[in-house]
Amino acid sequence: MNRTQATVRSVHGLVVRAQFEGGQPTTGQIFTLEGQDTTKFQTIGIEGSDTLITLNLSDINVKQGQKLISTGKGIELPVGTNVLGRVFNCFGETIDNGPA
C-alpha cells in the first residue's frame, strides 16, 4: 500500500474528510494522526481525485488542518492456535491483559 499524507478538511461526527498528497490510498488503509500513533483512522472511500474519507476509530477530537499519516497497511489480525480465547480490538491488539 502507498504511504500517503493528508490534511484534515472537515469533521462530521466520526467521518473525517482529508485532502491527500502523493499516491492515492486504498480502501481499508489505516492512517494515524501526526504525532499520535495510537489515534487511528480507516479509509472508507475516496471522493473526487484528492479527497480521502476516513472513519475516526479513536476517541480523540480531530480538527481542521491536522495531518494524517498513512501506516501503509490495512487492519491486520493475528491467526493461529495461540489466539484462541483471546480478546482483540479492531486493530488486532490484545485487550484482555494477556501476553501479546
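**Strands and turns**

Strand β3, residues 30-33, pairs with strand β4, residues 36-47, in the antiparallel sense over 4 bridges. This is a predicted model, in which local features need pLDDT of at least 70 and side-chain atom pairs count only at pLDDT 80 or more, while totals for chains, interfaces and linings use all residues. Residues are numbered from 1 along each chain as its sequence is written, and side-chain values use heavy atoms, with hydrogens and water left out. Strands are DSSP runs of E with at least two residues, numbered from the N terminus; two strands pair if DSSP finds at least two bridges between them.

Within this pairing, T32 stands opposite K40 in β4. The two strands β3 and β4 form a hairpin with 2 residues between them, and G35 in the turn has a positive phi of about 85°.

Next comes β5, which runs antiparallel to β4 and is joined to β4 by 6 bridges. Here G45 stands opposite I53 in β5. β4 and β5 also form a hairpin, with 3 residues between them; in this turn G48 has a positive phi of about 65°.

Strand β5 covers residues 51-56 and contains N56. Is N56 buried or exposed? N56 is buried, with a relative accessible area of 7% (buried means under 20%, for a 1.4 Å probe and protein chains only). Leaving aside neighbours within four places in sequence, N56 is in contact (heavy atoms within 4.5 Å) with L14, V16, K40, F41 and V62. A polar atom of the N56 side chain lies 3.1 Å from the backbone oxygen of I60.

Notes
Buried means under 20% relative accessible area, exposed over 50%, partly exposed in between (1.4 Å probe, protein chains only). A polar contact is a pair of N or O atoms within 3.5 Å; within protein, one must be able to donate a hydrogen and the other to accept it, and residues adjacent in sequence count only if both atoms are side-chain atoms.
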